[in-house]
Amino acid sequence: MNGWRGASPTARLLLVAVLLTGLTTFMFLPLLAIELTAQGIPAGRTGFLVGLLAFSSQAFSLLSGLLVDRLGPRRVMAAGFLLRIAGYVLLGLGGAGRPAPLVAGIVAVGVGGSMLGLSTKTLLVSQEGSDPRTMLALRSTFVNIGVVVGPALGALVYPLGFRYILAACVLSHLVLGIGLVSGRTAAAVPGRTAAKATGPGAGPDAGPGAAPDATAGRPGEVTRWTLLRHWAPLAALGVAYWAIYSQLNVLLPIAANELTGSTAAISVVFTANGLLVVLFQYTLLSRVFRRATARTLLALGFLAFACAYAVLIPLAGWYSLLAFVLPVTLAEMLIGPSLDEQAVNAAALRRTGLALGTMSAAGALGSLLGSSLGGQLLQATRGGSRAWVLLVGCSLAAAAICLLLPKVRTRHA
């Protein structure tokens, strides 16, 4: 990867951290419900605890972004590592007879993950010599390596005991935390951010939605119309993306089983999806679509979503399911990083954390709405094609909303 070779030592270390934390997270996460059930915790309470982990991470994202901007990404990263280490230790101490450390551990892991995710992402998009699109594409690639490989590693280690997985999580976070927080790498970025923040639109009064080329009046002045024009459609697209994407976890597993008669069908979809992202994410964004604006990539991504759900309308068994994989993966590769890129480029340079936190909060709302409405849609349509027709319509509507976004160019180095 040219992006990796051209990345600074700081960026490389951050990407290794993304990879290793992703590997250990996805070693741990798919097995959490199995382990809680094996400890004798009822299924209803197990579901609540697993949901609490996701909620703790997503609900804290906006505050994490504010903390990154106020305290600096290095301090927030240190707090994130400490919280995650403490959370994994508490999970090892908790159990059916000791619910307090179990709940505290799950909340600590979730909140710590939110702080780690936003601080590392903020540091990556602020790197000297690299534009945000390249860094976000590399980050997405490394995350998906963890998504693909982590569960397999977890399955290999789990027969030895769940605590071995927790120990791997603690050890990796401890080593990475010491390397990233105590070294000079993480400390170098805030200075660059401050230096860059002297340009138009980055004055002390600039709001989180101020784009360098979208300010009005004198330098540093940002109108409410500018903020609304940037952030209303962008937040709506963040909600729409995660509401549509969440159907891969709600509607698609049931539909895949009905289409093919195989419970393994959904695993085929997710495995192929992860491999395609790992192989093509960076090349797609940094080379094929290098000159395209984030707005264009978002529109293309939602059109790909429409194509993906359209191929499910005929209910043609494996043919529909396999044809679904490519366009839905294309949508994921284009939309996810482009939402963050649009937010970063539309934000004042001192408000990168808040911008990314806002998008994470929009994603949390979208996931909640998508999961809830997806279940209702499943009951209402009873396995027909109407659900896919509705999702095609929602995807096309989101593609139209993309046209409301301003054209904000990538901050090339």
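In this predicted model, the axes of helix H4 (residues 61-71) and helix H15 (352-381) come within 7 Å and cross at roughly 175 degrees. That angle makes H4 roughly antiparallel to H15, a label for angles over 145 degrees. Axes are lines fitted to C-alpha atoms over the stretch in contact, with angles from 0 to 180 degrees between N-to-C directions; helices are DSSP runs (H or I, at least four residues) numbered from the N terminus. The contact, meaning heavy atoms within 4.5 Å, joins Ser61, Leu62, Gly65, Leu66, Val68 and Asp69 of H4 to Thr352, Gly353, Leu354, Gly357, Thr358, Ser360 and Ala361 of H15. These residues divide into five nonpolar, seven polar and one charged; Ala, Val, Leu, Ile, Met, Phe, Trp, Tyr, Cys and Pro count as nonpolar, Asp, Glu, Lys and Arg as charged, and the others, Gly among them, as polar.

Residues are numbered from 1 along each chain as its sequence is written. Local features need pLDDT of at least 70 and side-chain atom pairs count only at pLDDT 80 or more, while totals for chains, interfaces and linings use all residues, and side-chain values use heavy atoms, with hydrogens and water left out.

H4 also meets helix H6 (residues 99-125), where the axes come within 9 Å and cross at roughly 45 degrees. Four of the residues are nonpolar, six polar and none charged.

With helix H5 (residues 73-93), the axis of H4 comes within 6 Å at a crossing of roughly 130 degrees, and H4 and H5 are therefore oblique to each other. Here Leu67, Val68 and Leu71 in H4 meet Pro73, Arg75 and Val76 in H5. By class, this contact has five nonpolar, no polar and one charged residues.

H15 returns in the second largest pocket, whose lining takes two or more residues from each of H10 (224-245), H15 and H16 (386-402). H16 gives the most, with six residues. The lining comprises 17 residues, of which Ala243, Ile244, Leu373, Leu391 and Cys394 lie nearest the pocket centre. By class, 14 are nonpolar, three polar and none charged. A pocket is an open set of points on a 1 Å grid over the protein atoms alone, where a 1.4 Å probe fits, with protein on both sides within 12 Å along at least five of seven lines; lining residues have an atom within 4 Å of a point.

How values were computed. Parallel < 35°, antiparallel > 145°, perpendicular 65-115°, else oblique.
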